[in-house]
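Good morning, and thank you for coming. I would ask you to look at the structure now on the screen while I describe how its parts are arranged.

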Amino acid sequence: MLAMDTKTKVQNTSTKNDNDMVVAALPVACADEKAAVEFLEAQRWGDHPACPHCGDLDVYQMKDAKTGERQVNFRWRCHGCKEQFTVRVGTVLEDSRIPFRHWCYGFWRASTSKKGVSALEIKRHTGLSYKSALFMLQRIRFAMEDTPSGKLHGDVEVDEVYIGGRPRYKGVSKRGRGTKKTPVLALVERSGGRVRAQVLPNITGKTLRKAITEQVDQASRIHTDELGGYVGIGKYFDGGHVTVRHAAGEYAKGDITTNRV
Ligand SMILES: [Zn+2]
């Protein structure tokens, strides 16, 4: 429901109960900027903040030199690509200076009011200009609309990809030197064409199973490569599990393919 990403749906994994908890937490996040930023960061990244530029998990919060507290602009910096970012980057919050707490208020009202929220109400409550309120509301509607509520179903192709890996220093290859790339699970629903992407802390069987069962309806058939972590996933789906042997250069076996992912 609160997916903020414009390009990927990293935060699309929440169930109804999760959503209730999210909505309950929102009024607190509307109260001050720090609470709002922390709420949005938790929604987007959970326990694994990742650089939106290169995907590296090796990131840190920038601190104010005088106070030692977190900077008031809530910036992060990436050890991998040296870029700075905030939770706005790559989301519907991007390219705006609207305070985080007002975004939270907008998301909260948009998710709780039966008739929907108007730009005028947002203007009155937040003190934003009507123009800014309207801009924010359009972005919020986009984020919420664009989030399919149901799980993927039918034939679903699942594959894991890694993001990150730009050299840490120019001219020095990062390869083979403790690279810290981010595994991302990509899922594509063949019939509907819906796509989900989810950042994973690792690619163990347990993590993969949890992510896939959260995203995919039980009646589906799962298509994957032959990675060990997928072994046994068929037990959880009525349509079972079929594999493609990427290692052998076999990228399509009849209609069994993960090329789409
Ligand atoms: Zn980076």
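Helices H3 and H4 cross in a right-handed manner; a crossing has that hand if the near helix is turned clockwise from the far one by less than a right angle, and is left-handed if the turn is anticlockwise. Helices here (H or I, at least four residues) and strands (E, at least two) are DSSP runs, numbered from the N terminus. The model is a predicted one, in which local features need pLDDT of at least 70 and side-chain atom pairs count only at pLDDT 80 or more, while totals for chains, interfaces and linings use all residues. Residue numbers start from 1 along each chain as its sequence is written.

Two packed helices are described by the angle between their axes and the distance between the axes. For H3 (residues 100-112) and H4 (residues 119-126), the angle is about 140° and the axes are 11 Å apart. Axes are lines fitted to C-alpha atoms, for helices over the stretch in contact, and angles run from 0 to 180 degrees between N-to-C directions. H3 and H4 are therefore oblique to each other: angles under 35 degrees count as roughly parallel, over 145 as roughly antiparallel, 65 to 115 as roughly perpendicular, and the rest as oblique.

Which residues of H3 and H4 meet? From H3 they are His 102, Tyr 105, Gly 106 and Arg 109, and from H4 they are Glu 121, Ile 122, His 125 and Thr 126. By class, this contact of H3 with H4 has two nonpolar, four polar and two charged residues. The nonpolar class holds Ala, Val, Leu, Ile, Met, Phe, Trp, Tyr, Cys and Pro, the charged class holds Asp, Glu, Lys and Arg, and the others, Gly among them, count as polar. Two residues are in contact if their C-beta atoms, placed from the backbone, lie within 7 Å.

H2 passes H3 in a left-handed crossing. Glu 33, Ala 36, Val 37, Phe 39 and Leu 40 of H2 make the contact with Phe 100, Arg 101 and Cys 104 of H3. In this contact of H2 with H3 there are six nonpolar, no polar and two charged residues.

Next, the interior. In soluble globular proteins, nonpolar side chains tend to be buried together. A residue is buried if 20 or more other C-beta atoms lie within 10 Å of its own, exposed if 12 or fewer, and partly exposed in between. A nonpolar core is a set of buried Ala, Val, Leu, Ile, Met, Phe, Trp, Tyr and Cys residues joined through C-beta atoms within 7 Å. The largest such core has 26 residues, of which Leu 26, Cys 30, Ala 36 and Cys 104 touch the most other members. H1 (16-29), H2 (33-45), H3 and H5 (130-145) each supply at least two residues of this core, and H3 gives the most, with six. Ala 36, leaving aside neighbours within four places in sequence, is in contact with Ala 29, Cys 30, Phe 100, Arg 101 and Cys 104. A second, separate core has 21 residues, including Trp 76, Val 156, Val 184 and Tyr 230.

Some loop residues also deserve a word. Is Phe 74 buried or exposed? Phe 74 is buried, with 20 other C-beta atoms within 10 Å. It lies in the loop between E1 (59-61) and E2 (76-78), and its phi is near 55°, a positive value in a residue other than glycine. Arg 75 is in the loop between E1 and E2 and counts as partly exposed, with 14 C-beta neighbours inside 10 Å. Beyond residues up to four places away in sequence, Arg 75 touches Met 62, Gln 84 and Thr 86.

Asp 95, in the loop between E3 (84-85) and H3, is not a glycine but has a positive phi of about 60°. Asp 95 is exposed, with 9 other C-beta atoms within 10 Å.

His 153 sits in the loop between H5 and E4 (155-163).

Finally, the chain has six helices and 10 strands, and 31% of its 261 residues count as buried.
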